[in-house]
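Please look over the sequence and the model shown below before reading on. The report then takes up one chain as a whole and, after that, a single residue.

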Amino acid sequence: MNGKRMTRIFAVLVAGCVILCLFAGCGGGETGAGKVYYLNFKPEQKAAWEQLAKTYTDQTGVPVTVVTAASGTYEDTLSAEIVKDNPPTLFQVNGPVGLSHWKEYCYDLKDTDLYRELTSKEFALTDGDKVLGIAYVLETYGIIYNKKLLDRYFAADWSTVKRLEDINGFSALSKVAAEIQAHREALGVKGAFTSAGMTDSSDWRFKNHLANLPIYYEYEKRGIDTAEKIDGTYLDNYRQIWDLYLNNATCAPTEIGAKTGDDAVSEFRKGEAVFYQNGTWSHGEIVGDKVSDEDLGMLPLYIGAEGEENQGLCTGSENYWCVNAEARDEDIQETLKFLKWVVTSETGTRALAEEMGFSVPFKAAKKSDNPLTKAAEDMVAAGKKPVGWNFTTIPSEDWKDGVGAALLSYAQTGLTDEGWEKVKTAFVNGWATEYAKNH
Amino acid sequence: MYRSLKKWFPLFLLPTALAFLVSFVVPFLYGIFFSFCEFQTLDRFTFVGLDNFKRVLFSGQYNFWQSLGFTALFTVLSVIIINVAAFLIAYALTRNVPGRNLYRTVFFMPNLIGGIVLGYVWRTVINYGVLIPLLGKDLTYSSTFGFIGLLFVLCWQQIGYMMIIYIAGLQSVPDSILEAAKIDGASGWQTMRRVTIPMVMPSITICLFLSITNSFKLYDQNLALTGGLPAVTDEQGITHRLTQMLALCISDTYGNSARAHGTAQAMAVVFFLLVAVISLTQLMLTRRKEVQQ
């Protein structure tokens with residue numbers, strides 16, 4: 001009898017709790033005026049976004065929540081947040097591959113002011129005639145150089161290249177790098193390039209960003225912008241520049257498996273290397289110690305492809321805004337108003353350019369203070385053709401990891417032809433397999 | 001007192017039961033369900049039957065078998081090394097060694113450092129302290145380096161913990177029995193085999209269970225130390241990560257692309273079954289050997 005009663009008490013308690021939980025769950029779904037919830041991708045700009053959101057709320061009374069996903073967890077956070085009762089009204093995808101996963105959630109932005117504000121329709125992600133994503137920041141990468149050290153090289157009596165303008169292709173770049181490497185003591189550096197670290201904090205610079213060059217030139221040649229299979233026409237060029245990085249660096253090629261992203265940053269900051277492959281986003285960390293804003297410039301990533309004297313820096317976006325089509329209508333409208341304010345108002349444009357240091361593709365944009373962004377703008381003004389970000393069409397993470405592992409093992413085993421064959425296999429065969437697996 | 005306890009215990013159990021339900025049972029059931037689906041988010045899924053399991057087990061496109069082999073070999077070796085070493089140290093430190101409490105503390109300390117931190121610290125130490133100066137190579141150079149490195153780090157971390165459990169077990173062996181054995185003329189080895197080991201069997205059970213599951217589920221040290229490298233891509237374009245263990249394989253598969261979420265989930269279910277079968281078998285086998293004092 002006692003047991004029965006106990007069971008009954010237990011059942012009542014469980015039922016009570018379940019009901020309570022249900023009510024608590026419902027509490028979130030209030031109605032009324034619209035609000036904005038932005039799931040931000042960039043931890044570096046967390047504070048700036050929160051500040052901007054607060055200013056907007058103060059001015060308009062519309063609540064704007066900014067949540068920033070921890071580095072490397074954006075997709076997971078988004079997957080979890082988007083099924084909640086109050087999902088993000090504004091989120092981002094990283095390009096066509098990201099869009100293909102999230103497009104069911106994307107509101108068509110074709111008739112919005114945000115889309116009309118874009119300086120070029122190229123910066124939108126489309127699906128058929130729908131506009132689903134809008135790039136809000138353009139980033140540029142290339143070979144960042146230390147002007148002070150490079151001027152010292154130009155002035156030296158042993159240098160053969162005497163002016164920056166003459167570094168306009170792979171052969172000149174490799175000559176400069178080799179001479180700096182040979183006279184590194186005279187120049188007071190440890191190597192021409194920073195260490196090409198292949199741990200996960202740095203390997204994306206090579207398996208992803210540098211791999212963009214052979215992909216870009218192949219796409220140009222074939223006249224395509226995405227591919228099921230890749231031929232690897234420019235892989236010998238990829239090898240050329242990888243060899244250059246390995247042979248003229250602050251460390252031996254056999255050590256790159258242990259080098260991190262921080263190692264390269266610190267080498268550049270301390271003036272131990274002249275060249276560092278990275279992009280506009282790294283400005284904050286490479287200034288300090290012996291490097292200041294005036295010392296920074298950026299060269300294109302020359303790989304020895306035909307016509308590269310007109311090649312510019314690699315400019316593109318991995319950050320596209322998408323508005324959640326499943327959010328409540330009033331929330332969508334408020335989100336669109338908020339975005340318009342961000343890209344057109346004085347406060348908004350100033351925050352984007354100054355607080356966040358972004359180069360933004362909107363008509364009302366202010367110029368960014370970032371010296372690397374300026375270098376990119378100068379390059380475009382000089383008539384150089386920017387290289388697109390085709391790495392956003394890479395079929396999967398496994399492809400990048402396979403290429404990265406092969407690049408590393410090539411470096412560890414003495415830069416042999418057999419080693420390079422493995423890079424080719426990973427690049428070409430891996431692409432086809434991964435594409436098939438994920439489509 | 002006892003009666004009112006009996007009457008009210010469900011009330012006190014409720015918070016724990018609820019927490020268990022919300023944070024374990026529900027996600028677990030969800031997980032099993034999603035292993036039969038392709039999914040992007042919790043409300044966007046399509047049922048695909050056994051496709052995910054077929055892909056994991058038979059397609060050869062995932063690193064599952066490779067990492068299972070690596071994990072199994074790793075587990076066998078680490079369980080042996082950890083338990084033998086922990087038992088011997090515990091045995092030594094239950095003798096009258098001067099400063100034995102200090103030693104116990106020192107041996108236990110590595111266990112207090114979190115796995116991921118430990119992994120990164122050891123990666124630096126092994127790379128810059130040993131491999132690069134001596135061989136000019138690093139941990140990612142060959143899978144043997146990675147294997148030994150992982151084995152070393154896990155042993156270093158776990159031996160102290162198991163040692164504490166063995167010490168507790170050894171201390172509970174009554175002196176009277178040991179003395180009786182001595183009077184009966186048992187040699188040191190005989191006492192160990194016939195008296196001490198049967199008496200500490202409960203400790204052996206728990207230590208084996210912990211070390212088997214810990215080794216099998218190892219993730220953070222794997223991620224920090226090698227990240228699965230080195231890797232090779234074969235002619236079919238499939239990338240094999242040579243030092244990837246099962247848990248890392250699941251998370252890498254999940255992160256590879258949105259299309260692979262269901263596949264990774266199926267892998268996790270298979271992984272759960274493996275760990276459950278292995279550890280339950282072990283529990284059954286060693287429990288049988290436990291004796292009453």
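## Charges of chain A

How far apart are the mean positions of the positive and negative charges of chain A? In this predicted model, the mean positions of the 45 positive and 64 negative charges lie 3 Å apart, where Lys and Arg count as positive and Asp and Glu as negative, while His and the chain ends are not counted. Each charge is placed at NZ of Lys, CZ of Arg, CG of Asp or CD of Glu.

## How the model is read

The model is predicted, and local features need pLDDT of at least 70, side-chain atom pairs count only at pLDDT 80 or more, and totals for chains, interfaces and linings use all residues. Residues are numbered from 1 along each chain as its sequence is written, chains are lettered from A and ligands numbered from 1 in the order in which they are written, and side-chain values use heavy atoms, with hydrogens and water left out.

## Chain A as a whole

Chain A holds 18 helices and 12 strands, which are DSSP runs numbered from the N terminus (helices H or I, at least four residues; strands E, at least two). The C-alpha trace of chain A spans about 95 × 60 × 45 Å along its principal axes. Of the 439 residues in chain A, 55% count as buried, meaning under 20% relative accessible area with a 1.4 Å probe, protein chains only.

## A:Asp398

A:Asp398 belongs to helix H17, residues 397-412 of chain A, and is buried, with a relative accessible area of 11%. The side chain of A:Asp398 makes a polar contact with the side chain of B:Arg241 at 2.9 Å; such a contact is a pair of N or O atoms within 3.5 Å, and within protein one must be able to donate a hydrogen and the other to accept it, while residues adjacent in sequence count only if both atoms are side-chain atoms.

Notes:
Buried means under 20% relative accessible area, exposed over 50%, partly exposed in between (1.4 Å probe, protein chains only).
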